[in-house]
Every structure is written in structure tokens, then in C-alpha cells.
Protein chains: 2
Amino acid sequence: MSEQKIRNMEEFAAVSGLSRPTVSKYFNDPDSVRSTTRARIEAALERYDFRPNIYAVNQNRRLTKNIGIVVPYLADPVFAEHARSIEKLCNDAGFRSILLSSHGGSDQERENLDSLRALKPAGVLLAPLGRASDRSEIERFCRDVPTVLFDSNIEGMGEAFIGSDNASFVNQTVDYLCRSGETPCFFEMRTPANPNANKRRIAYIQAMERHGQEPVVVSVEGDGWGFEEIGRQGAHSAIAAGDFKTDTILCSNDRLAIGVLAACYERGLRVGRGPGCAFRVASHDDHPFSRFTCPALTTAAHNYSAVAERSVKTLFEVIENGGHLRNRTETLLPAQLVVRASA
Amino acid sequence: MSEQKIRNMEEFAAVSGLSRPTVSKYFNDPDSVRSTTRARIEAALERYDFRPNIYAVNQNRRLTKNIGIVVPYLADPVFAEHARSIEKLCNDAGFRSILLSSHGGSDQERENLDSLRALKPAGVLLAPLGRASDRSEIERFCRDVPTVLFDSNIEGMGEAFIGSDNASFVNQTVDYLCRSGETPCFFEMRTPANPNANKRRIAYIQAMERHGQEPVVVSVEGDGWGFEEIGRQGAHSAIAAGDFKTDTILCSNDRLAIGVLAACYERGLRVGRGPGCAFRVASHDDHPFSRFTCPALTTAAHNYSAVAERSVKTLFEVIENGGHLRNRTETLLPAQLVVRASA
DNA sequence: ATAAAATTTTTACTCGCGTAAAAAATATGC
DNA sequence: GCATATTTTTTACGCGAGTAAAAATTTTAT
């Protein structure tokens with residue numbers, strides 16, 4: 001890091017005593033040059049910090065070394081967690097990752113895709129909004145850019161889908177709740193943004209039937225991504241109306257459950273397994289904070305790292321395969337039950 | 001959106017019946033061309049969706065229309081919230097924003113700056129890690145790239161700093177707690193990652209002295225960004241050891257408080273103002289979930305939107321001013337007390 | 001209608017790098 | 001030590017746009 005500033009690869013090649021094409025070759029693949037010349041370049045890199053102009057580099061490449069990551073709502077720690085794992089894997093593989101949040105709105109999702117298209121990414125990992133997504137826009141995007149969907153599936157779009165196995169989530173919680181106490185009532189939003197929510201409801205009903213029990217589904221109104229508040233208000237009215245036929249509430253996701261816990265607390269109702277508890281509450285996702293709710297939340301955990309690894313691995317396969325896979329695969333990863341104090 | 005694909009500006013100029021330089025002029029400033037030609041271009045844009053290749057556009061520009069946003073830990077909803085507000089303002093102003101998280105580590109922070117430097121952003125909004133930051137690296141970065149710091153200050157770095165007024169946060173909580181019950185003990189990490197934590201401790205001690213009260217500071221061990229768990233374990237031992245001399249705990253930040261609430265719950269200690277409560281707990285930040293803790297957390301709220309607005313506004317001034325301001329300013333925005341059930 | 005002003009076109013060069021082809025230099029095997 | 005294989009250099013063009021200067025055109029004002 002000394003001497004005068006290097007302005008471009010030409011100058012850098014000069015100070016390292018090589019020709020520009022050789023240096024260019026090095027930056028595209030350090031192992032493609034003889035080890036002695038590689039050493040000379042790396043020695044020069046120590047003295048003059050030079051990096052190829054990424055705009056000039058990307059101008060010619062049909063595909064860049066960029067990978068786009070789109071999540072529906074980054075302020076939701078579940079997605080922050082997903083994004084973090086994925087980002088790390090991409091960076092380790094030598095890609096630059098570009099993280100975009102749709103902030104819960106389809107306008108923003110559309111803008112994100114638009115903006116990504118302009119970046120000519122090698123591939124995109126997309127967790128769509130779900131119900132609110134502009135399907136035709138996503139379809140158009142997937143035609144142009146190698147895309148792998150994760151977290152929430154949209155039938156037939158993208159080269160593959162990697163997500164959690166909602167049936168596995170729900171079966172584990174339902175089984176556990178049934179064998180350890182009263183049968184669970186299912187608590188959800190009536191019009192969930194995310195398609196996983198529907199899958200979970202269906203899985204709940206099936207699981208209850210398998211247990212020979214009557215399913216009870218409590219659906220509450222509410223729009224947007226303020227799930228905690230929706231859960232809190234919904235729980236207040238459901239409890240007041242006596243909608244929960246048993247003492248056990250299985251929430252569609254942890255954020256709703258956090259709202260339910262708040263409502264119970266506000267009503268002076270104790271939650272947990274012990275005597276003196278009015279309700280047991282369990283849920284799905286293993287939200288980063290569910291360890292710290294009062295009481296700590298029993299939930300079915302995403303295998304965050306497995307989802308990230310499979311998603312990234314699949315995207316790399318797509319990229320190596322020229323942007324397309326022979327047939328679209330759907331990978332569903334099982335959940336792991338985490339029993340805590342709430343149920 | 002019909003007809004054949006346009007490959008570059010030359011072709012687009014042809015189909016709109018104009019010359020390339022004129023079209024180029026339009027894209028740099030739509031108002032710089034005669035309104036009739038502007039209309040012709042925009043009509044063509046409807047038919048053939050064309051966008052100038054951003055790599056070619058940025059290759060020559062010394063500065064791009066990119067703005068970098070760096071936060072220390074995106075999985076922390078407080079930063080997710082900050083990032084969201086800032087991102088929106090930048091996008092609305094016609095910039096592309098690039099959001100990067102340092103994931104709590106200085107290596108990643110260094111990499112982020114490195115990666116941003118390569119993107120030649122018009123400006124960067126940086127919330128540094130704080131204690132863990134590589135100061136000399138940040139200094140070097142700020143020399144090269146117009147940078148405004150936010151959230152946590154590093155003496156003298158960047159063109160300006162915009163953050164929250166920690167004294168205002170703490171004065172409001174301390175005043176409120178003192179006038180409504182026993183005086184608060186201050187609960188914090190011994191070696192906080194974030195410099196705001198130190199300012200808050202100091203402000204606490206001064207506030208207590210102003211009230212003529214003996215300050216009690218309980219500092220707990222713990223490293224990293226798992227504040228909730230650090231708070232939980234720390235609270236367990238502090239309570240067991242009788243470190244809290246009064247029944248009121250003022251936490252340095254909400255995430256610690258969430259841990260304290262969990263510990264109290266686990267010990268069967270009721271938190272709140274009412275009779276039968278063992279502790280009152282209050283805190284700072286207004287974490288998006290503090291509304292939903294049990295009990296809901298009394299806290300001093302960041303003015304998220306004001307921080308975002310001032311930061312972005314300041315950065316724009318820096319940019320318009322050629323990357324530097326005459327003298328570095330520090331803007332501290334006051335907090336707003338939010339009284340909930342916990343204290 | 002005409003001169004002056006504003007805008008657009010033409011032409012040509014630049015930016016920094018990828019990349020292809022042929023020539024030159026260097027390394028490797030026997 | 002020599003033929004062969006490998007690597008590097010030389011040369012040259014392309015990518016997609018910004019931009020400058022001069023020429024041509026259109027608009028506006030008088």
C-alpha cells in the first residue's frame with residue numbers, strides 16, 4: 001500500500017512487469033497463470049492496492065458474479081436470519097450478494113426484481129411475498145434470470161424451490177401437544193400473506209383427523225406484516241368469545257404466538273404446562289426471540305442453515321448448468337421440535 | 001413492451017427516431033431535452049422496455065448514483081428498522097441503495113467498506129460496530145468516500161454524525177422512574193459493543209446525582225450480539241446475588257431488558273408497577289417487539305424516521321458539496337418516553 | 001420573414017477491461 | 001540439447017455509454 005495510485009489494469013500490469021492480458025487472466029482465475037507470475041502479481045498487489053473496476057469488468061460479461069437475494073420483509077428476524085445464512089454462503093463462494101427486502105409490498109417486490117434484472121446477476125434467490133406477489137412479473141423475471149425460490153413456493157416458478165416442510169412442522173407440534181395434554185386449536189390469520197400459512201392449516205386439519213380429533217381453526221382478521229399486533233388483538237377477541245375449545249393454542253407462526261402471549265398476559269392468564277395455567281401455546285418457526293418470550297415458546301424450528309445450504313447449492317447448480325435445470329424440483333426440509341415452557 | 005429486444009442505446013435511439021447523444025442526454029436529465037423529443041423518447045420507452053446498461057453508465061462516472069448503507073447487525077430489528085427508513089428515502093431521491101450488514105464482526109465491516117469502495121458510491125451511511133471497529137480502516141474509507149455516520153459515533157470520523165441523544169433517553173427514563181417509585185439500578189454489559197452504552201451509563205450516573213441519589217450500576221459479562229441471552233443470564237446472577245439495591249431496573253437497551261424479563265419470569269418474579277410485583281423494568285430504544293413483551297416494556301423510543309431523515313439529508317448535503325463539509329457536525333435527536341406496563 | 005437562440009445530429013474519442021489470434025518466450029520431457 | 005508443450009506478449013477489436021465540438025436543424029422573438 002504505498003507508491004502512487006494505480007489507475008487501471010494497464011498501469012498495474014506495468015508495475016508488476018507483466019502484460020495486461022496476463023493480469024486480466026489472473027483476476028478471472030488466479031490459478032490460470034503460472035505460479036511464478038501469480039506470485040509476482042500478488043507481490044505487486046501488496047504494494048499497490050489495485051482492484052479491477054467492477055463496472056468495466058461487468059460490462060462485457062453476460063453474467064456477473066452477483067447474486068441477488070430477495071426477502072419479503074427484512075424487519076422480520078426470521079428473514080433476517082435466512083438472509084444472513086445465505087449471504088455468507090454466497091460470499092464464501094466468491095460472489096457478491098445483493099440483499100433486497102420487499103418490505104411487505106408487491107410494488108417494492110416488483111421494483112426489486114426490476115433493479116436486479118439491471119444488475120445481470122448470475123442468479124437470484126427469491127423468497128416471494130406470496131399471495132401479494134405479482135405472479136406474471138415474477139414469471140417474466142424467472143425467464144430472464146436464473147432464479148431459485150425459497151421459503152415460500154409459487155407453483156412452477158423458478159428453477160427450483162427450497163423450503164420447510166410445513167407438514168413436518170405441524171405434525172410434530174400437533175403430535176407433541178396431543179400426547180402431552182389437550183388437543184390444540186389452530187390460530188391463524190384469515191388471509192395470510194404467506195402460502196405456508198395455508199399449508200400449515202391444512203396439515204393441522206389432517207393431523208387432527210389422524211388423531212381422530214375434531215380440528216378447531218380460529219382465523220382472525222388483519223392485514224399486513226404486523227403479525228404480533230394481529231395476534232394480540234385476535235387472541236383477545238377469540239378468548240373473549242370462547243373460540244378456543246381446548247386449553248391449547250397452536251399458532252401458525254411464532255410472531256402470531258408472541259401476540260397471543262401478550263394478550264394472555266394482559267388478561268392475567270397464565271400460559272404453560274403447569275397447574276394454574278389457562279392455556280398452552282405453541283407455534284412454528286423458532287423465531288430468534290421465541291427463546292425469550294414469557295414463557296419461552298414451544299415451537300417447531302426451521303433448519304435455517306440447511307435451507308440456506310440447499311438453496312445456495314441448488315442455485316449454483318442452476319448457474320453451472322447455464323441457467324436452467326431439466327426439471328423443477330421442490331425440496332422440503334423437516335422441522336425440529338423445540339419444547340420450551342409455553343406448552 | 002412489445003417488438004424485438006433493444007440491445008443498446010444506439011438501437012433505442014433508432015427506434016425512437018433520435019440520435020444517441022440526445023437519448024443519452026435524456027437519461028441523464030429528462031428535462032434537458034425539448035419536451036417534444038422527451039415525449040418521443042417516453043413513447044418509445046412504453047413500447048420497447050430499454051434501460052441503459054448500468055455498468056457502462058457507471059464505468060466513466062467518478063461517482064455513481066449508489067448509496068451504501070452499512071449497519072452493524074441487521075438481524076437486530078432496531079437496525080432493520082433504521083435501514084428500512086433510510087433505504088426508502090434514498091430510493092425516493094433517485095439513488096440505488098446497497099444495504100450491508102457487518103454481522104457483528106469487524107472483519108465483515110472491513111469487507112463491507114472494501115466492497116463499497118469498489119462500487120464508487122456517491123455516499124455512504126455508516127453505522128459502525130463501535131468498539132470492535134477498525135478505526136484506521138474506517139478513517140481511510142472516509143477519506144475516499146463521502147460518509148456520514150449514524151447511530152454510533154466515532155470521534156472525528158465521517159463528515160457528520162447523526163444519532164440519538166443518549167442523555168435525553170436516560171434522563172427521561174430516570175426522571176420518570178424516580179418520580180413514580182424507587183430509584184432505578186442501571187443494568188448493562190460490562191464491555192458493550194456499542195459506544196452508546198457507555199454514554200448511557202454516564203448519563204445515568206449524572207441523572208442520579210442530579211436527583212441526589214446513589215447510582216447503582218450492575219455490569220454483566222458477555223460478548224457478542226446475543227444481548228437477550230446475556231441479559232437473561234446476567235439478570236439471573238444479579239438477582240441471586242442481590243445486586244439490585246432497589247426494585248427498579250433500568251436496562252441499557254431493550255434487548256437486554258427482554259433477557260431480564262425472561263429471567264424474572266423464569267424465577268417467578270412478577271414485573272410491573274402494581275402490587276405483587278418484584279421489579280419494575282425499563283429500558284431504551286423502543287425495539288419493535290417491546291410492545292409485545294410480558295409485560296409490555298416501558299422504554300425511551302428512538303425517533304427512527306427523524307434519524308433517517310436527518311442522516312439522509314446530511315449525506316445529500318455532503319454529496320452536493322463535493323464530498324466534504326466545512327466542519328463536522330454532530331446531531332443528537334431526543335428520545336420520547338413510552339410508558340407501558342413494565343415500569 | 002428573418003435573425004438569433006436553442007436544440008439536435010454528426011463525428012469521433014474516451015473509459016477500463018474481456019478476449020481472440022498470432023508471435024514470442026519459457027518450461028518440460030526424453 | 002532438442003523438440004514439444006505451455007505460458008506470456010503483442011496487437012487489435014468490442015462492449016455500451018459519456019461527452020466534446022462542429023454542423024445542421026428547429027424554435028422563438030422581433
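Guide: Start with one pair of residues. The bridge partner of B:A300 in β12(B) is B:L337. Helices (H or I, at least four residues) and strands (E, at least two) are DSSP runs, numbered from the N terminus. This is a predicted model, in which local features need pLDDT of at least 70, side-chain atom pairs count only at pLDDT 80 or more, and totals for chains, interfaces and linings use all residues. Residues are numbered from 1 along each chain as its sequence is written, chains are lettered from A and ligands numbered from 1 in the order in which they are written, and side-chain values use heavy atoms, leaving out hydrogens and water.

Visitor: How many bridges join β10 of chain B to β12(B)?

Guide: The general idea comes first. Strands of a sheet pair through backbone hydrogen bonds, either parallel or antiparallel. Here, β10 (residues 298-301) of chain B and β12(B) run antiparallel, joined by three bridges. Two strands count as paired if DSSP finds at least two bridges between them.

Visitor: In what order do the strands of the open sheet in chain B stand?

Guide: Read across the six strands: β7-β6-β8-β9-β10-β12. The pairing is mixed. At the edges of the sheet are β7 (217-220) and β12 (336-338) of chain B. Each has a single partner strand, so one side of each has no neighbour in the sheet. On average, neighbouring strands of this sheet are turned by 20° against each other, direction ignored.

Visitor: Which strands does helix α8 of chain B lie across?

Guide: First, the angles. Axes are lines fitted to C-alpha atoms, for helices over the stretch in contact, and angles run from 0 to 180 degrees between N-to-C directions. Contact means heavy atoms within 4.5 Å. Helix α8 (residues 166-180) of chain B lies across β6 (184-189), β8 (248-251), β9 (280-285), β10 and β12 of chain B. It runs at about 165° to β9(B). Helix α11 (residues 254-266) of chain B lies across β6, β8, β9 and β10 of chain B. Its angle to β9(B) is about 155°.

Visitor: Which residues come nearest to DNA strand D?

Guide: A residue is near a molecule or strand if one of its heavy atoms lies within 4 Å of it. DNA strand D has 24 residues around it, and A:T22, A:T37, A:N60, B:M9 and B:S24 come nearest. Of the atoms of DNA strand D within 4 Å of the protein, 67% belong to sugar and phosphate. Helix α4(B) gives the most to this surface near DNA strand D, with four residues. The surface near DNA strand D has eight nonpolar, twelve polar and four charged residues. Ala, Val, Leu, Ile, Met, Phe, Trp, Tyr, Cys and Pro count as nonpolar, Asp, Glu, Lys and Arg as charged, and the others, Gly among them, as polar.

Visitor: How far from a phosphate oxygen of DNA strand D is the side chain of A:T22?

Guide: A polar contact is a pair of N or O atoms within 3.5 Å; within protein, one must be able to donate a hydrogen and the other to accept it, and residues adjacent in sequence count only if both atoms are side-chain atoms. For A:T22, a side-chain N or O atom is 2.5 Å from a phosphate oxygen of DNA strand D. A polar side-chain atom of A:S19 lies 2.8 Å from a phosphate oxygen of DNA strand D. The side chain of A:R20 has an N or O atom 3.5 Å from a base nitrogen of DNA strand D.

Visitor: Which residues come nearest to DNA strand C?

Guide: A:M9, A:S24, B:T22, B:T37 and B:N60, out of 24 residues around DNA strand C. Sugar and phosphate make up 65% of the atoms of DNA strand C that come within 4 Å of the protein. A side-chain N or O atom of B:N60 is 2.7 Å from a base oxygen of DNA strand C. A backbone N or O atom of A:N53 lies 2.9 Å from a phosphate oxygen of DNA strand C.

Visitor: Is the peptide bond between B:C294 and B:P295 cis or trans?

Guide: Most residues other than glycine have a negative phi, and most peptide bonds are trans. The bond joining B:C294 and B:P295 is cis, with omega about -5°. B:P295 sits in the loop between β9 and β10 of chain B. A:H103 is not a glycine, yet has a positive phi of about 50°. Look for A:H103 in the loop between β2 (96-101) and α6 (106-118) of chain A.
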